[in-house]
Amino acid sequence: MRRRDEVTDFTAADRQYMAHALRLAKRGLFSTGPNPRVGCVIVRNGQLVGEGWHRRAGEPHAEINALAAAGQAARGAILYVTLEPCCHHGRTPPCTTALLSAGITRVIAACKDPNPRVAGQGLEQLTAAGITTRHGLMAEQAQTLNPGFFKRMRTGLPYVRCKLAMSLDGRTAMASGESRWITAAAARGDVHRLRARSDGLLTGHGTVLADDPQLTARDVDTSWDLVQPCRLVLDSRLRIPKQARMLQEPGKVAVLYAHHDRRRAQDLTAAGAELWPIEPDSDGRVELRQALTAIGNAEINELLVEAGPTLSGALLQADLIDELVVYIAPHLMGDEARPLLRLPGLVRMAERIPITITDMRALGPDLRLTARLEKG
């Protein structure tokens, strides 16, 4: 049985305008965090009179930008927006007030806002004021554009992608540790776009000690200066050096630790790192779910994991990864090379971890496979 709020009688024109609003929303792919990516169009008498998208947190929302573009033509018009208009004071005033002042007569939203401060109240406020409202048009596409925002608002945890690069025989580094480069330039460029859309990048102390990565997004084509994602390191005993390259790069670095060492803490703080204490697990390591809760509390929507097989495997077995992005290179590295993931305890076929492949495409000579983890 359909819920009463599921509307099915949208027209072809409605779908056309919402699809355009979604395209506008994608322009904020690299810049809106911790806010969602939202697009909006305003239509009057069958003509598009205004459009806008949310560019950056603290700046006007998509609806406000569209109203500014439409001017007086907004009076008596229909507004299409990819997320329910907000009805509370945050960094900016409520959009519902602006819509009422502008004389909008109908609002069609792709989906309700999962933020508990909104959660249907924006549409209810507009309806009570006499504006016709509907939602549910292309809702899946709108949520797919904002997986981290929806998950964080509903669970407090970020949406976790795990990036992996391997040879055709499932190896990530030679036995010596040599790993540059498994994939070609096109795949590596794609990783930088993944980083750029993420609010946080997570790695382990072992990766920092072995590879000394910058862990920044580079050479990504955006319309304005790219804000670097927060770099996060799980380092239970504060072992990463104060000279680590990531500490020399712009942007925030946070080290999540379980055991305090005064001298190391002073060195890392002086180098610019934030230190986040996390309770240890039974093995004395940073407890993973608590770490992700702290990351969610820091308003990180989308978290990209770039770590070794031990941390990536532990997150997977703890059911904390939502999506795998695996780059597969057309070469063989041999059975002595290092594995993709460490997954101890899997001995029977019934213990396999199911995944659903959602996308597969070529990037230069390599393949990129995207898979969703089946949550049980």
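This passage walks through the overall build of a predicted protein model and then a handful of its local spots.

A word on ground rules comes before the tour. The model is predicted, so local features are described only where pLDDT is at least 70, and side-chain atom pairs count only at pLDDT 80 or more, while totals for chains, interfaces and linings use all residues. Residues are numbered from 1 along each chain as its sequence is written, and side-chain values use heavy atoms, with hydrogens and water left out.

Taken as a whole, the protein has 11 helices and 16 strands. Here helices (H or I, at least four residues) and strands (E, at least two) are DSSP runs, numbered from the N terminus. The radius of gyration is 23 Å, close to the 21 Å that the globule rule gives for 376 residues, so the protein is as compact as a globular protein of that length. That radius is taken over C-alpha atoms, and the globule rule is 2.2 Å times the number of residues to the power 0.38. Along the principal axes, the C-alpha atoms fill a box of roughly 70 × 45 × 40 Å.

Of the 376 residues, 49% are buried. "Buried" means under 20% relative accessible area, "exposed" means over 50%, and "partly exposed" is in between (1.4 Å probe, protein chains only). The protein exposes about 18,200 Å², and carbon and sulfur atoms supply 49% of that area. These areas come from the Shrake-Rupley method with a 1.4 Å probe; for residues, only the protein chains shown count as cover. As for contacts (heavy atoms within 4.5 Å), take those between residues at least 6 apart in sequence: 70% of them join residues at least 24 apart. On the charge side, there are 48 positive and 41 negative side chains, and the centres of the two sets lie 3 Å apart. Lys and Arg count as positive and Asp and Glu as negative, leaving out His and the chain ends; each charge is placed at NZ of Lys, CZ of Arg, CG of Asp or CD of Glu.

After helix 6 comes G156, with a positive phi near 85°.

D322 sits in the loop between helix 11 (309–317) and strand 13 (323–329), and it is buried at 9% relative accessibility. Setting aside residues up to four places away in sequence, D322 touches K151, P158, Y159, V160, A371, R372, L373 and K375.

Two serines in loops are tucked away as well. S198, in the loop between helix 7 and strand 8 (200–204), is buried at 6% relative accessibility. Its side chain reaches the backbone oxygen of L194 at 2.7 Å, and beyond its neighbours within four places in sequence, S198 is in contact with P229, E302 and L304. S236, in the loop between strand 9 (230–234) and strand 10 (253–257), is buried too, with a relative accessible area of 9%. S236 and G284 are 48 residues apart in sequence, yet their C-alpha atoms are 7.5 Å apart in space.

Helix 9 (residues 262–270) has something at each end. D261 caps its N-terminal end, with a side-chain oxygen 3.3 Å from the backbone nitrogen of R263, and G272, with a positive phi near 105°, follows the helix.

The peptide bond from G33 to P34 is cis, with omega near 5°, and P34 lies in the loop between helix 1 (12–25) and strand 1 (39–44). M138 is not a glycine but has a positive phi of about 60°; this residue is buried at 18% relative accessibility. D212, not a glycine either, has a positive phi of about 45° and is partly exposed, with a relative accessible area of 27%.

Notes:
Polar contact = N/O pair within 3.5 Å; in protein donor to acceptor, adjacent residues only side chain to side chain.
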